[in-house]
Amino acid sequence: MLSTIVDYIEEIKDQFVPIVARAEDEVEETNDGEEEEDDDDDDEDEDEEETKDQYDELKEECLQTEKGKALKHHYDECAARVQLQKEQPGYDDLENKEDCVEEFFHLQHYLDSCAAPRLFNKLK
Amino acid sequence: MFSRSILSRMVSKTAARQLSTVSGNTAKSANNKLLITGAALAGITASGLLYAESLTANAMTAAEHGLHSPEFDWPQNGPFSTFDHASIRRGYQVYREVCAACHSLDRVAWRTLVGVSHTNSEVKEMAEEFEYDDEPDDNGNPKKRPGKLADYIPAPYPNEQAARAANQGALPPDLSLIVKARHGGSDYIFSLLTGYPEDAPEGVTLPVGSNYNPYFPGGSIAMGRVLFDDLVEYEDGTPATTSQMAKDVSQFLNWCSEPEHDERKRQGLKAIIILSSLYLLSVWVKKFKWASIKTRKFTYTPPKPRK
């Protein structure tokens with residue numbers, strides 16, 4: 001029991017330790033760069049095909065809003081943090097591994113609520 | 001002498017009795033103490049264990065619930081609105097060309113499609129493409145015959161074991177009542193079909209052979225993404241984007257779950273009109289029935305006092 005409490009306290013401590021935050025920025029930048037490239041590629045491909053999914057289009061629009069950007073930033077931050085944790089030794093033996101499901105859900109929920117009411121006007 | 005000995009005996013007896021009761025009392029209180037300390041110990045260890053468990057317990061996370069699907073603007077949403085039957089027809093095409101490879105539709109008979117999405121002759125042709133068991137011939141050999149309107153839509157697998165064996169142990173659910181059988185109904189089906197992200201969120205580990213879908217409770221689903229743009233070619237020329245196909249097949253599956261939907265709304269409207277007009281009529285009739293009672297007048301004429 002004592003060990004679990006100590007673990008818990010360490011977990012809390014980990015969240016406030018600045019080392020992780022400093023390292024995040026570097027990873028984030030590289031990440032952002034990759035994603036932008038990916039997006040560009042997708043756009044070109046889909047322009048050639050001409051048909052583009054209406055739901056995806058609306059979601060991309062929603063992603064460009066203030067709130068969408070903020071939530072995407074939160075998710076990216078989490079993804080960078082988790083990636084950093086994965087690179088550290090002994091990750092496989094960790095008892096509690098962080099994941100970004102919650103950040104992902106917050107982002108998706110916003111995109112859904114933003115895009116869903118307008119989607120069916122665009123479909124037959 | 002005699003009386004004194006009796007007296008002394010009596011005294012010694014009562015003393016002995018007093019002694020025994022005192023020793024009984026101490027034994028009882030020791031027992032009580034033991035019980036209380038035992039209960040307290042058990043309570044403390046139990047709460048300690050519960051607390052330790054609560055530090056690592058991760059039940060009821062967001063992932064376990066699955067992402068809630070948003071509400072879409074379905075054609076049948078209004079109180080007087082019906083299904084979009086052109087959409088049901090397209091949805092059947094999507095089911096036939098995509099879903100039917102794995103999912104059965106056991107409770108839907110060919111005949112129910114007649115007049116809903118297809119004409120009589122169209123459904124007859126569709127049914128004839130499949131073979132059904134016929135009566136055995138004179139020698140007892142099994143025979144096959146083409147499908148009839150009264151037959152049910154055939155399943156892709158003969159039984160559950162075959163279905164599991166073909167899908168890495170996962171059973172594709174029967175879709176006849178799926179819209180009624182899932183929280184969120186059509187919204188859930190639509191979100192599930194369109195909601196496969198390109199990558200699972202960072203840090204999520206999936207079992208082998210499963211895919212990530214945020215709308216599926218737990219996140220890991222055996223079914224992969226099946227709908228892609230331009231997968232089917234609609235006969236009415238509608239552009240077959242992923243969301244268009246998802247909408248049509250959700251609409252079709254909603255009709256499978258609630259084939260009585262349109263008629264139900266019509267009957268409901270009729271019932272409301274008839275019952276409310278009968279109610280108003282009864283209010284009107286009541287006026288006449290009660291007219292004599294409401295307009296009567298009670299008078300009291302006291303007897304004249306005797307003089």
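Colleague: How many helices and strands does chain B have?

Modeller: Chain B of this predicted model has 10 helices and 4 strands, and if you read along the sequence they follow the pattern α-α-α-α-β-β-α-α-α-β-β-α-α-α.

Colleague: And is chain B compact or spread out?

Modeller: Chain B is more spread out than a compact globule, because its radius of gyration is 39 Å, whereas the globule rule gives 19 Å for 307 residues. Taken along the principal axes, the box that its C-alpha atoms fill is roughly 130 × 105 × 60 Å.

Colleague: What share of chain B is buried?

Modeller: Buried residues make up 24% of the 307 residues in chain B.

Colleague: Changing topic, how many residues of chain B are in contact with chain A?

Modeller: On the chain B side there are 27 residues, and they are in contact with 30 residues of chain A. The elements of chain B that give two or more residues to this side are α1 (2-56), α2 (62-65) and α8 (242-257), and the residues of the side divide into 11 nonpolar, 10 polar and 6 charged.

Colleague: Which residues have the most contacts inside the largest nonpolar core?

Modeller: That core has 54 residues, and those with the most contacts inside it are B:I189, B:V249, B:F252, B:L253 and B:C256. Elements from chain A and chain B each supply at least two residues of it, among them α4 (66-87) and α5 (101-122) of chain A and α7 (185-194) and α8 of chain B.

Colleague: Which element gives the most to it?

Modeller: The element that gives the most is α5(A), with 8 residues.

Colleague: What does B:I189 touch, then?

Modeller: Not counting residues up to four places away in sequence, B:I189 touches B:I178, B:V179, B:R182, B:S250 and B:L253.

Colleague: Which domain does UniProt place on chain B?

Modeller: The UniProt record, which is an unreviewed entry, places the feature "domain: Cytochrome c" at residues 86-239 of chain B. In the model, the end C-alpha atoms of that span lie 14 Å apart, and the span is 27% helix and 8% strand.

Colleague: Where does B:Q168 lie?

Modeller: You will find B:Q168 in the loop between α5 (160-166) and α6 of chain B, and its phi is near 55°, a positive value in a residue other than glycine.

Colleague: Is B:Q168 buried or exposed?

Modeller: B:Q168 is exposed, because it has 10 other C-beta atoms within 10 Å, and the cut-off for exposed is 12 or fewer. Leaving aside neighbours within four places in sequence, B:Q168 is in contact with B:G209 and B:A222, and its C-alpha atom is separated by 9.9 Å from that of B:V208, 40 residues apart along the chain.

Colleague: And what about B:D230, where is its place?

Modeller: B:D230 is in the loop between β4 (220-221) and α8 of chain B. Its phi is near 60°, again a positive value in a residue other than glycine, and B:D230 is partly exposed, with 13 other C-beta atoms within 10 Å.

Colleague: Last topic, what pLDDT does chain A average?

Modeller: Chain A averages a pLDDT of 77, and 64% of the residues score at least 70. Over residues 20-49 of chain A, however, pLDDT stays under 50, and the model has 17 contacts beyond four places in sequence for them. Where pLDDT is low, the predicted coordinates should not be read in detail.

Key: Residues numbered from 1 in each chain as written. Chains lettered and ligands numbered in written order. Predicted model: local features only at pLDDT ≥ 70, side-chain atom pairs only at ≥ 80, totals over all residues. Rg over C-alpha atoms; globule rule 2.2 N^0.38 Å. Buried ≥ 20, exposed ≤ 12 C-beta atoms within 10 Å, placed from the backbone. Contact = placed C-beta atoms within 7 Å. Nonpolar A, V, L, I, M, F, W, Y, C, P; charged D, E, K, R; others polar. Core = buried A, V, L, I, M, F, W, Y, C linked by C-beta atoms within 7 Å. UniProt positions renumbered as here; feature names shortened; annotations may be inferred. pLDDT = per-residue confidence, 0-100.
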